[in-house]
Each structure stands twice: as structure tokens, then as C-alpha cells.
Amino acid sequence: MHKVPAAPRRQMALSLQMIADELDDRLWDFTLKSQDQARFYSFRVFTPGEAPEAGVLYVLPEDCGAFPGESYPYISAGSRPGGGEHICVYGRTFLETINELARIFQRFRDFEAELNWILNHGGDLNDLCEAATAYLQNPVYIHDNVFAILALPCHVEGMLELDYNQDTGKYFIPLWLVEDFKFSEGYRDTLRQRKAAIWDTNHYPYHMRSLYVNIRDADYYRARLLVNELHVLLRPGDHLLVEYLADYVLMILRRDDMSAGHSHRDLVSTMKDLISTGEADRRDLRVLLTALGWQEKERFLLVKLQSQNAENAITSSNVLRNSLSAAFAGTFLFFHERQLCMVADMDTACLDQAAFRSKLAPFLRDSLMYAGVSLPVESISHLNTAYVQANYAVNLASRLRSHQWYVAFEDCALEYLLSHVETPTALSQYLSPVPQFLRRYDQDHGSQYCATLKSFLQNERSIPKTAAALIVHRTTLLYRLEKIVSLTKIDLDNEGVRLYLLLSFRLSEEL
């Protein structure tokens, strides 16, 4: 089987126009001077005396002294004239400016992380358009060079009504509009466009404005990505963003070209089949195992993560997903039921459960996440069992809202088993009568036999531990135990009797 290599992780740069668009959306007062040439990957407070670096947006405090503003982009709180590209913010403190930049960069990096995840983990063009639609707040779609729709995650009121071909099972731009394009010099001009541009003519239905970019493989025109201006106004900085998107579209098209002979499902769908039923199409399963370098019979852990409080998290779930993928070898991460799931091949990762827990803990802390972790399963076909365990554990952690962020199923297995006991009649009728008998006896005689027996069982028949727990003398404890046996006729040397009694104590307290 031909294995498609993963695409490299890409990093996108911001422009001052993109920063200005975000500030404008927040109704900030500022001035922008930009030729839309500067690109940067991070921001940094300028320290007098330091040598500025390319690819950095500098934030200038009031007392920063001389700054080479002709050569490096900067943003300042208050007016600071300069010849290069810059933004001057008014009516905001230096700290407010820093915090707003952090928000803008985090939002952009989250989007970038989502695109890289789609590219490298079997996502398709619909996934890309869905992510872009959420970020741009306008519907995004793609058609190919014969006007067949390649991706349209949502169709909203105001968008072009499409034709459907039953033979191919595809949607198309309506034929009447395609015929119109053939005689439109304006449309032919758009095919020669190398940058993102606005399509805004009376030839387009409903006089809709769209931002478009042509997808070219070398000089071959393959497709077009469009953003319809339906929900919010298109922003100048969106031009650069859709050019980035065009790069991702081309990489996904090339990736799909390489695997065109394999009509298998994507990896996430196969994994969801496994955690839902424990079964998957054998061909799809082979693709999954080959792509991940796994064996069918290995030790797997399944982790389900749930946010404690997303507003206070240091990292978002998208960034967390990429960070975990990089930190844990032999791991597959995906979203299921709007929560992040992680399947770890413990043999590939060369980790035991304790080491895995220790390594995962910092990520949970920084992202304010609860983790429910299954018991190890010995085959990928048992992932459905592992998912049930992880789901129960994370839900328990969320209900308890305690400081315990990592809950393994083995920590709550008894609660799970007891909660799933089913009986034809009331459960109380199947419990040992001893606890209830001793409670009544204690009430009538002022004794403490019920608590004594329970503590004795919980402390695994240890006389010293039980006496310490009850705060009684050893002789008193021995007398009580003799009396309990005399009253109930139970055999405390029998392991099955002890387990039955302990479970009866536990269940009777929950009824």
C-alpha cells in the first residue's frame, strides 16, 4: 500500500493590516501606516539597546528611546511618528495594547493550528472551508476548473443556488451562469489574477461581493476559493489570509492526488467506528494501522479531555491537540462529540501508565483540562471498551470539580460497576441483611457493631488498623467482633462472604 507522507507543518505570518482589522472590529482608535509589506510571526516589547530582528512586531513603551522605525514594524500606545510600517493606538494603555495583541495572536495561531491539523491528519477541503468560515465569519467554498463544487460545508441564505448532477453526485455552479462567464471579459480577467481579489460585478447573482483566490499548480488553474460577503464586511487583511488558505488547498489537492487509488475513509472516521463499535472495515483498518505505524495487537490507552474553564486556559483545545501530538509518539488525537480524544499506543511510546500520567499532567494544568483515562486494552478492537471507561472517568472528574485533573478508570471502576448493577426487583432485596440487622441492633442497645464490622472489612481484617480507626482498645475490638459473629453467624474467614458484606455496606449507603 502506498503511504502518503505527511505534509510539513506550515507557519503563517501576520501583517499590520490584519492587526488593524482586528483592532477596528473592537472599535479601537488608531492610525495605520502600511505598505502591506511587513510580515511577522510574533510580537515583543522593545528594550532599548537591543538589536531588532526580522519577523517580529515590536511594541514600543513610551520611554523606549530610539527605535529604527524605518526598518522594522511597530505598534505604540500613543503617537510616535515613524517612516516605516506602524500602528499608533490612542486612548489605550500600554498594558491594554499588549493584552489585545496577545488575544489577536492567540486567535490567529489557533486557526493556524487547526489548518495544520487538517492538512496532516486526513482532513479534507470541507474541513478547511468549515474552519475558514468560522474564522472569517463569512461562508467559504471551493469549486474546480469545470465549476464542480469541491467543498461547501454550509449553504446559507443569499448564496448562489447550485445545480446537482445525479450521475456524478456533485453540485455545480449553474450552467446559465457558466455560459454567462464565457462571454464576460471581466471574468476572463479574474482567471489571470495571481493574488486574492474582489469579485464585484452585476454578472454575479444578487450583486454579491466575494473575495476569491485562484488555486494554481505551477501554471495550471485547478480551482478557486471564494468568501461570500454575507455576514460581515470583508476586511483588507482577509486578502492575505485567503492566499494562505490557497496554499493549504493546493497541498490537500496534491495529497489527495497521491492517494486517489485508495477509496478508503479518512482516519478519523475509522477511529470513530472503532470507539463506537470496536469494528471497522478491514481495508480502512489496515490504512489506519499503516499510517500510524501501529500493530493491531498492542497496548492502547484512550484519553478523553474536557475543559474545566476555557476562558482561563493558557492554551486552547486546538493548540493543546497539536502540542500533545508532538509530545507523545505513537498517538492519534481527534475530536469526538466536541471533545478531544487521544489514543496512545503504549508500546510505541515506550511509556507505562505512571510515566504517561506524569507526562500528561503539565498539559492538563496549562490548558485547564480534565482527563479521563481508560485501562490499557490489548487490541485496537477493544477501543470501544476503552472509550466507555475514559468517558466515565472524565465525566466523574467534571462532576466532582476537584483538584484531581487526571482520573484513571481504575480509580473509579468500582463506582462504575456498582452503578451498572441491574436486578429484576429492587436492589436492596439482593444485599446482605447483616448491615441492616446491626444498625437496628445498635439503635436498640446503644452498641457500635455496624461501624465496627464495616471498618474491619475496609481495613482488610487488620486489628491494629481497625482499632486505630475506631479509636478503641484491641481487647474491645476483639470482643465486638466475637459478639458480631455470635449475633449474625457470619464466617469472616470466608473471602466471598467478606466481599459480599463490603459491597452490601457500600450499596446500602447509596440507596
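Arg-439 is part of helix H14, which covers residues 434–445. The model described here is predicted.

**Arg-439**

- Leaving aside residues up to four places away in sequence, Arg-439 touches Cys-450, Phe-505, Ser-508 and Glu-509.
- With Ser-508 there is a polar contact from side chain to side chain, at 3.2 Å.
- Cys-450 is 11 residues from Arg-439 in sequence, and their C-alpha atoms are 5.7 Å apart in space.

**Helix H3**

- Helix H3 has 12 residues, 125–136, and at 1.5 Å a residue it should span 16 Å; the C-alpha atoms at its ends are 16 Å apart, so the two values agree.
- At the start of H3, the backbone nitrogen of Asn-126 has a side-chain oxygen of Asp-124 within 3.1 Å.
- After H3 comes Gln-137, which has a positive phi, near 65°.
- Buried residues of H3 include Leu-125, Leu-128, Cys-129 and Tyr-135.
- Ala-131, Ala-132, Thr-133 and Leu-136 are also among the buried residues of this helix.

**Helices H16 and H17**

- The axes of H16 (residues 463–470) and H17 (residues 474–488) come within 9 Å and cross at roughly 100°.
- H16 is therefore roughly perpendicular to H17, a label that covers angles of 65 to 115 degrees.
- On the H16 side, the contact involves Ile-463, Thr-466, Ala-467 and Leu-470.
- These meet Arg-474, Leu-477, Leu-478, Arg-480 and Leu-481 of H17.
- Of the residues in this contact, six are nonpolar, one is polar and two are charged.

Definitions and conventions
Residues numbered from 1 in each chain as written. Predicted model: local features only at pLDDT ≥ 70, side-chain atom pairs only at ≥ 80, totals over all residues. Heavy atoms only, no water. Helix = DSSP H or I, 4+ residues; strand = E, 2+ residues; numbered from the N terminus. Expected span 1.5 Å × (residues − 1). Buried < 20%, exposed > 50% of the residue type's maximum accessible area, 1.4 Å probe, protein only. Polar contact = N/O pair within 3.5 Å; in protein donor to acceptor, adjacent residues only side chain to side chain. Axes fitted to C-alpha atoms, helices over the stretch in contact; angles between N-to-C directions. Parallel < 35°, antiparallel > 145°, perpendicular 65-115°, else oblique. Contact = heavy atoms within 4.5 Å. Nonpolar A, V, L, I, M, F, W, Y, C, P; charged D, E, K, R; others polar.
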